[in-house]
Amino acid sequence: MASQEYLDKMKVRQEYRNLWHTDLMSTIQRDPPYCCLAFWCGPCVSYMLRKRALYNDMSRYTCCAGYMPCSGRCGESKCPEFCLCTEVFLCFGNSVASTRFLLQDEFNIQTTKCDNCIIGFMFCLQQVACIFSIVAMIVGSDELQDAAQLLNCLANMVYCTVCACMQTQHKIEMDKRDGMFGPQPMAIPPVQQMSRLDQPIPPAAGYPPAAYGQPYPPPQGYPPAAYPPHQYPPAGYPAPGYPPSGYPK
């Protein structure tokens, strides 16, 4: 039952249309100090971000944000702060992913293809390092052992770096949510639609519609001041100067 609900949430998350305020590749440039803090103190940052994602209301806390089978069964209601500390230190990867899913479901945010490739590369590298270590242990070769150690170090470095970038991405998104980037920008006007045959007045596109259907006001100063009405010839008479000279009248 829980697995089916999780699959349903994953399908719904694929239909989200909003994007993160900053992608993973740009997080280091957007907030370098926080990215370094998330790299060296990942569990502490994960604790602060989860609490902030819950609007500092720990009564709403559930282990792994309700996305894991153990959620709601760890006594969170009695001591949520202690449960959150246990989660971020013992299940650090799950804590980061749960905060990410929590923000995505709240703001309908999708993960870009580039971010998916980075996260997928991190997981694949972890699996390859694990398999390589098992093969090296079975074979017993010193060269394979050294290569496995090097690959493990590389996988751990990538894992810590990606998690730091993800947490920085979450922090920037919550800064946007809390209005820390100044006033909200002007909304983009809607796309102008084409008028149909049964739609005589075209719809407005970002501005109030014009006063269609109102009669035009009468022209001011008509007839012109230089030509008063009494100077016009009576009906049936030619205008002055017509026909031109040289033509028979």
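1. Keep in mind as you look around that the model is predicted.

2. Now walk along the chain. The order of elements reads α-β-α-α-α-α-α-β-α-α. The protein has 249 residues, and 29% of them are buried. If you take the contacts with a separation of 6 or more, 67% of them join residues 24 or more positions apart.

3. Next, the inside. In soluble globular proteins, nonpolar side chains tend to be buried together. Here the largest nonpolar core holds 39 residues, and the ones with the most contacts inside it are Leu24, Tyr61, Leu84, Leu102, Val162 and Met166. Two or more residues each come from α3 (32-40), α4 (42-53), α5 (80-90), α6 (92-107), α7 (113-139) and α8 (142-177). Which element gives the most to this core? That would be α8, with nine residues.

4. Val162 deserves a click of its own. It is on that list of residues with the most contacts inside the core. Once you set aside neighbours within four places in sequence, Val162 is in contact with Ile118 and Met122.

5. Have a look at how α7 and α8 sit together. Their axes are 9 Å apart, and the helices pack at an angle of about 155°. Angles over 145 degrees count as roughly antiparallel, so α7 is roughly antiparallel to α8. The crossing of α7 past α8 is left-handed.

6. Then compare α3 and α8. What angle do the axes of α3 and α8 cross at? Roughly 130°, and the axes come within 8 Å. That angle makes α3 oblique to α8. This time the crossing is right-handed. On the α3 side, the residues that meet α8 are Tyr34, Cys35, Ala38 and Phe39. Their partners in α8 are Met157, Cys160, Thr161, Ala164, Cys165, Gln167, Thr168 and Lys171.

7. You will spot it in helix α2 (residues 27-30). Leaving out residues up to four places away in sequence, Ile28 touches Cys35 and Cys165. Both of those cysteines also turn up where α3 meets α8. The C-alpha atoms of Ile28 and Ala164 are separated by 9.2 Å, although the two residues are 136 residues apart along the chain. Is Ile28 buried, exposed or partly exposed? With a relative accessible area of 45%, Ile28 is partly exposed, because that label covers values between 20% and 50%.

8. Most residues other than glycine have a negative phi. Tyr55, though not a glycine, has a positive phi of about 60°. You can find Tyr55 in the loop between α4 and α5, and its relative accessible area of 40% makes it partly exposed. Asn108 also has a positive phi, near 55°. Asn108 lies in the loop between α6 and β2 (109-110), and it is partly exposed too, at 37% relative accessible area.

Methods: Residues numbered from 1 in each chain as written. Predicted model: local features only at pLDDT ≥ 70, side-chain atom pairs only at ≥ 80, totals over all residues. Heavy atoms only, no water. Core = buried A, V, L, I, M, F, W, Y, C linked by side-chain atoms within 4.5 Å. Buried < 20%, exposed > 50% of the residue type's maximum accessible area, 1.4 Å probe, protein only. Helix = DSSP H or I, 4+ residues; strand = E, 2+ residues; numbered from the N terminus. Contact = heavy atoms within 4.5 Å. Axes fitted to C-alpha atoms, helices over the stretch in contact; angles between N-to-C directions. Parallel < 35°, antiparallel > 145°, perpendicular 65-115°, else oblique. Left-handed = near helix turned anticlockwise from the far one by under 90°.
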